[in-house]
Amino acid sequence: MAAKMITHFRPRFIVMAGICAGVEGKVNYGDVILADPTWDYQSGKRVKDKEVTSFSIAPKQISAPNIVTSRVELLRRDASVWSDIKRGWQSAPQHDLRLVVGPLASGSAVLADGQAVQDIKLQHRNLVGIEMEAYGLYDAAAYAPNPQPNAIAFKSVCDFADPDKKDSWQAYASYTSAQTVRVFFERYMHGLTARSQHS
């Protein structure tokens, strides 16, 4: 779908908001993660050595564009943004809302066993989250013909991919993710996007 949108509209930016699982201890409910980098944690080859079958990992990691990460750092440090977004949700949690820039792995499975997160952490020790779509977006942008769009994925934490996984934080996480996209473009990308409309 992302590839079709890029081909048809030729956007300067293609952005994904949504929810993800977080790595407990690194993020909290509602925290927003900028995928940097992202990869398909299921990419590789299953091999057999005598009677032992194993999975040989071969992920291709794709980073967020520099034009995005430099501005995201400004947004991350703006405490007023995060307190305003949190205040806009009636039943927000007690902890502070944050923007976290870090590795976000993508795969096709919904995870709820707790062990899968530990396995995926072996692919990147700084892993902060897991979801299902960000890598596809970044990959579509990376293989698009010139001019390639800048792909951005802001995903918010709604669970920790463990047996206690519930849906109760999905609405709040969806809200914080969408608000992050809005504020990012209004405050930090407005001049750039306005100029790009006339070029």
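**Entry 1: cysteines**

I started with Cys 20. Cys 20 is buried, at a relative accessible area of 3%. This is a predicted model, and I read every value with that in mind. Next I looked for a sulfur partner. Which cysteine sulfur is closest to that of Cys 20? It belongs to Cys 158, 6.8 Å away, which is too far for a bond. A disulfide needs the two sulfurs within 2.5 Å. I checked from the other side as well. Cys 158 is in no disulfide, and its nearest cysteine sulfur is that of Cys 20. Cys 158 also counts as buried, with 3% relative accessibility. My disulfide count for the model is zero.

**Entry 2: strand S7**

I turned to strand S7, residues 150-159. How many of the residues of S7 are buried? I find ten of ten, so the strand is mostly covered by the under-20% cut-off.

I then listed pairings of S7. S1 runs parallel to S7, and nine bridges join the two. S2, residues 32-40, pairs with S7 in the antiparallel sense. That pairing rests on three bridges. In this case I noted Ile 33, whose bridge partner in S7 is Lys 155.

**Entry 3: aromatic pairs**

I searched the whole structure for aromatic pairs and got eight. I wrote down the pair of Phe 13 and Phe 185. Where do the two residues sit? Phe 13 is in strand S1 (residues 13-22), and Phe 185 is in helix H6 (residues 170-188). The pair therefore ties together parts that are 172 residues apart in sequence. I checked the cover on Phe 13: it counts as buried, at 12% relative accessibility.

I also took down Trp 169 and Tyr 172. Their ring centres are 6.0 Å apart, with 65° between the planes. The cut-off for edge-to-face is over 60 degrees, so this pair qualifies. Tyr 172 is buried, at 2%.

Both residues belong to one aromatic cluster. I list its members as Tyr 29, Trp 89, Phe 160, Trp 169, Tyr 172 and Tyr 175.

**Entry 4: backbone checks**

I looked for cis peptide bonds. Asp 36 and Pro 37 are joined by one, with omega of about 0°. Pro 37 lies in strand S2. I noted another from Asn 146 to Pro 147, again cis, with omega near 0°. Where is Pro 147? I find it in the loop between helix H5 (134-142) and S7.

I then looked at phi. Arg 10 is not a glycine, yet has a positive phi of about 50°. Arg 10 sits in the loop between helix H1 (2-9) and S1. I read its relative accessible area as 41%, which makes Arg 10 partly exposed.

I checked the surface for nonpolar patches. Met 1, Met 5 and Phe 9 make one of about 390 Å². Met 1 lies in the segment before H1. Met 1 is exposed, with a relative accessible area of 72%.

I then looked at Ile 6, which is in helix H1. Ile 6 counts as buried, at 3% relative accessibility. What is the C-alpha distance from Ile 6 to Pro 145? I get 9.1 Å, for two residues 139 apart in sequence.

**Entry 5: Met 132**

Last, I looked up Met 132. The residue is in the loop between strand S6 (129-131) and H5. Met 132 is partly exposed, with a relative accessible area of 39%. I also checked Met 132 against Asp 40, 92 residues away along the chain. Their C-alpha atoms are separated by 8.8 Å.

Conventions:
Residues numbered from 1 in each chain as written. Predicted model: local features only at pLDDT ≥ 70, side-chain atom pairs only at ≥ 80, totals over all residues. Heavy atoms only, no water. Phe/Tyr/Trp six-rings, centres within 6.5 Å; stacked < 30°, edge-to-face > 60°. Helix = DSSP H or I, 4+ residues; strand = E, 2+ residues; numbered from the N terminus. Buried < 20%, exposed > 50% of the residue type's maximum accessible area, 1.4 Å probe, protein only. Pairing = 2+ DSSP bridges. Patch = residues over 30% accessible without salt bridge, like charges linked within 9 Å, V, L, I, M, F, W, Y side chains within 5 Å. Areas by Shrake-Rupley, 256 points an atom, 1.4 Å probe, with all protein chains shown as cover. Salt bridge = Lys/Arg side-chain N within 4 Å of Asp/Glu carboxyl O.
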